[in-house]
Amino acid sequence: MGVKVTVFLSVKSDQIAALLAMSPGLQSETLSRPGARSAEALQNPAVPTKLLFIDEFDSVEAGEAYFQWRAERGDLEKLGALLAEPPRIEVWPVSLAPT
């Protein structure tokens, strides 16, 4: 079973177009990394500056390696310049079975 990682972003209103333009490339890069299974980006139509990225990895370690790679490249710092507040990153390693 894989692990899901959610990244909640609050983007500066004057930077939303730039981030939306970058999103397909970010998702493609994510999918090219070892252990990446899926990458999805969602935008809240009621609050267009709110974005949610949902990535799935083979393991917690694969997700950690991915974020380390992004940090080493300076991607997280570049992303931070577009945001109104720090991103909220959560790791979801346990899936609950329906009852």
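I take a residue as buried when its relative accessible area is under 20%. The model I am reading is predicted.

**Entry 1, Asp-75.** I looked up its relative accessible area and found 14%. That is under the 20% cut-off, so I note Asp-75 as buried. I place Asp-75 in helix α3, which covers residues 75–80. Next I asked which residues Asp-75 contacts, leaving aside its neighbours within four places in sequence. I found Glu-29 and Arg-70. With Arg-70 there is also a polar contact between the side chains, at 2.8 Å.

I went through the secondary structure of the chain and recorded three helices and four strands. Read from the N terminus, the order of elements is β-α-β-β-α-α-β. I also checked contacts with a separation of 6 or more: 68% of them are between residues 24 or more positions apart.

The largest nonpolar core has 18 residues. I noted those that touch the most other members: Val-7, Leu-9, Val-11, Leu-19, Leu-51 and Phe-57. At least two residues of this core come from each of β1 (3–10), α1 (16–31), β3 (50–57) and α2 (60–73). I then followed Leu-9 beyond its neighbours within four places in sequence; its contacts include Leu-19, Leu-51, Phe-53, Leu-79 and Pro-87.

The C-alpha trace spans about 40 × 35 × 20 Å along its principal axes. Of the 99 residues, 33% count as buried. I put the accessible surface at about 6200 Å², with 59% of it belonging to carbon and sulfur atoms.

Note on methods. Residues are numbered from 1 along each chain as its sequence is written. This is a predicted model: local features need pLDDT of at least 70, side-chain atom pairs count only at pLDDT 80 or more; totals for chains, interfaces and linings use all residues. Side-chain values use heavy atoms; hydrogens and water are left out. Buried means under 20% relative accessible area, exposed over 50%, partly exposed in between (1.4 Å probe, protein chains only). A polar contact is a pair of N or O atoms within 3.5 Å; within protein, one must be able to donate a hydrogen and the other to accept it, and residues adjacent in sequence count only if both atoms are side-chain atoms. Contact means heavy atoms within 4.5 Å. A nonpolar core is a set of buried Ala, Val, Leu, Ile, Met, Phe, Trp, Tyr and Cys residues joined through side-chain atoms within 4.5 Å. Accessible areas come from the Shrake-Rupley method with a 1.4 Å probe; for residues, only the protein chains shown count as cover.
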